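Dear colleague,

Please find below the structure that I am handing over to you, together with its sequence.

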Amino acid sequence: MGTLLFNILLILVALYGLSFLLEKGIYKLLGVEKKEVSETSGKKIDQWGRRIIMILFLSTIPIYTFYALKDTTFIKWYWILYLTALLGFQSVME
């Protein structure tokens with residue numbers, strides 16, 4: 001179980017690094033100046049939206065652990081859904 005958690009964390013760190021590099025490269029290529037959501041009037045909506053998404057996914061951890069023991073592909077789809085929801089919300093806010 002410890003190596004599984006380490007592998008998941010390693011994959012998440014790698015995906016975060018890849019998305020960071022892609023974002024910087026695309027912004028530089030297109031000449032876009034990034035403005036943080038916290039600098040706009042949508043700061044409260046962004047904070048509430050992120051909290052709601054996090055609470056929803058944290059509340060499904062018992063279900064996640066139950067199915068993860070039976071099917072390892074469930075782990076992959078659980079995190080893909082979480083990251084898609086979180087990054088999708090972020091893109092709508094931007």
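Asp 71 lies in the loop that joins H3 to helix H4 (73–93). Between the C-alpha atoms of Asp 71 and Phe 20 there is a distance of 30 Å, and in sequence the two are 51 residues apart.

Please bear in mind throughout that this is a predicted model. The mean pLDDT of the protein chain is 83, with 93% of the residues reaching 70 or more. Confidence is highest in H2, where the mean is 88, and lowest in helix H3 (residues 61–70), where the mean is 77.

As to the overall fold, the protein chain has 4 helices and 0 strands. Read from the N terminus, the order of the elements is α-α-α-α. The radius of gyration of the protein chain is 16 Å, whereas a compact globule of 94 residues would have one near 12 Å. Along the principal axes, the C-alpha atoms occupy a box of roughly 45 × 30 × 15 Å. Among contacts with a separation of 6 or more, 63% are made by residues 24 or more positions apart.

Of its 94 residues, 15% count as buried.

Which residues make the nonpolar surface patch of about 800 Å²? The patch consists of Ile 11, Leu 15, Leu 18, Leu 22, Ile 26, Leu 29, Leu 30 and Val 32. One of these residues, Leu 15, belongs to helix H1 (residues 2–30). Leu 15 counts as partly exposed because its relative accessibility is 41%, and patch residues are required to have over 30% relative accessible area.

Helix H1 also holds Ile 8. Is Ile 8 buried or exposed? Ile 8 is buried, since its relative accessible area is 16% and the cut-off for burial is under 20%. Apart from neighbours within four places in sequence, the residues in contact with Ile 8 are Tyr 64, Ile 75 and Trp 79. Ile 8 and Ile 80 stand 72 residues apart in sequence, yet their C-alpha atoms are 12 Å apart in space.

Finally, I turn to the charged side chains. How many salt bridges does the count come to? The count comes to 1 salt bridge. Asp 46 and Arg 50 are its partners, and their closest N and O atoms are 3.1 Å apart; this pair qualifies because the limit is 4 Å. Both residues lie in helix H2 (residues 43–59), and because they are 4 residues apart there, about one helical turn separates them. The two partners can be described in terms of accessibility as well: Asp 46 is buried, at a relative accessible area of 11%, while Arg 50 is partly exposed, at 34% relative accessibility.

Yours sincerely

Definitions and conventions: Residues numbered from 1 in each chain as written. Predicted model: local features only at pLDDT ≥ 70, side-chain atom pairs only at ≥ 80, totals over all residues. Heavy atoms only, no water. Helix = DSSP H or I, 4+ residues; strand = E, 2+ residues; numbered from the N terminus. Buried < 20%, exposed > 50% of the residue type's maximum accessible area, 1.4 Å probe, protein only. Patch = residues over 30% accessible without salt bridge, like charges linked within 9 Å, V, L, I, M, F, W, Y side chains within 5 Å. Areas by Shrake-Rupley, 256 points an atom, 1.4 Å probe, with all protein chains shown as cover. Rg over C-alpha atoms; globule rule 2.2 N^0.38 Å. Contact = heavy atoms within 4.5 Å. pLDDT = per-residue confidence, 0-100.
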